[in-house]
Amino acid sequence: MRRLSAKGMQLVTLRQRHTDMIQVIDSLPHAGEREPDGALKLPGDAVVSTRPGLLLAVQVADCLPLLLVDSKRRVVAAVHAGWRGTAKRIAEKTVGRMRQEFGTNPKDVRAAFGPSIRRCCYEVGREVVEAYQGTFSYYDEFFSRTEASPSEVHWQQPLLTDNRELRPRPGVTAPPGEKFHLDLVAANRRQLQAAGVPARNIWTSPLCTACHTDLLFSHRAEHGRTGRLMGLVGINQP
Ligand SMILES: [Zn+2]
């Protein structure tokens, strides 16, 4: 397998909206908008293609970027999986589309999970737990629950919003009580396995975006003023 070269490739980005909309591109031109730099921009949160010369991109700053490759059928996909998209099973549905459109056998799919906010830093509200509860019978595998003690209340919140400043900040306190942490990686790994992708084919970056703002972008840890990480996948031109 040759290393992917971005030279001469057409960049395809997504107008991501936390949906389960999947774009399938097997021909050009496509009815999409072009960016000033010539990149094609399509609405949706996943893009699948068999066409050599396209560089499929997903952009994130805490959400999980997920890249899928079926090297037998030569199908690639880029997926944006935040908590909403994950609850809508976007990863599982993307493997389904690869199967449906191009005959992908899920056993041949290899997946890479890029850096994202991890369980350590991803505190979520009860509404997120409830959304997953209604969707996944095994939802409790993805959440850890802690009881916030008064001292933790002061420490935890600055840690979540700016991990370079671990001091209590006036006015920033979480209400005492239960707190939930979501593991997006576990939820998406479970979906891929449910779709038939072998666990040994799933590679996960060890990096949490909120723990590594020196290196990565984190929407939550940097108060929304941050950049985006781009995950790219494509098929070299012959
Ligand atoms: Zn973290």
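I began with a definition: a residue is buried if 20 or more other C-beta atoms lie within 10 Å of its own. With that in hand, I looked at the whole protein, which is a predicted model, and found that 38% of its 238 residues count as buried.

**Confidence**

The mean pLDDT of the protein is 85, and 83% of its residues reach 70 or more. I put a pencil mark beside residues 150-175, where the pLDDT is below 50. In the model this stretch still has 35 contacts beyond near neighbours in sequence.

**Overall make-up**

I listed the secondary structure next, and it comes to five helices and 14 strands. Then I looked at contacts between residues with a separation of 6 or more: 75% of them join residues 24 or more positions apart.

**An open sheet**

Five strands form it, in the order β3-β4-β1-β6-β14, and the pairing is mixed. Which strands stand at the edges? They are β3 (33-34) and β14 (229-234); each has a single partner strand, so one side of each is left without a neighbour in the sheet. I zoomed in on β3, which two bridges join to β4 (residues 40-43), and this pair runs antiparallel. Here I could see Arg 34 opposite Leu 40 in β4.

**The nonpolar core**

I turned to the largest nonpolar core, which has 54 residues. Among those with the most contacts inside it are Leu 56, Leu 68 and Ala 77. I picked Ala 77 and looked up what it touches, leaving aside residues up to four places away in sequence. The list is Ala 46, Val 47, Val 48, Leu 56, Leu 68, Thr 94 and Met 98.

I found Thr 86 in helix α1 (residues 83-87). Is Thr 86 buried or exposed? It has 30 C-beta neighbours inside 10 Å, and the cut-off is 20 or more, so Thr 86 counts as buried. Asp 20 is 66 residues away from Thr 86 in sequence, yet their C-alpha atoms are 8.5 Å apart in space.

Not counting residues up to four places away in sequence, Thr 86 touches Ala 81, Leu 184, Ala 187 and Asn 188. Eight of the eleven residues of α5 (residues 184-194) are buried, so the helix is largely enclosed by the rest of the structure.

Conventions
Residues are numbered from 1 along each chain as its sequence is written. This is a predicted model: local features need pLDDT of at least 70, side-chain atom pairs count only at pLDDT 80 or more; totals for chains, interfaces and linings use all residues. Two strands pair if DSSP finds at least two bridges between them. Helices (H or I, at least four residues) and strands (E, at least two) are DSSP runs, numbered from the N terminus. A residue is buried if 20 or more other C-beta atoms lie within 10 Å of its own, exposed if 12 or fewer, and partly exposed in between; C-beta atoms are placed from the backbone. Two residues are in contact if their C-beta atoms, placed from the backbone, lie within 7 Å. A nonpolar core is a set of buried Ala, Val, Leu, Ile, Met, Phe, Trp, Tyr and Cys residues joined through C-beta atoms within 7 Å. pLDDT is the predictor's confidence in each residue, from 0 to 100.
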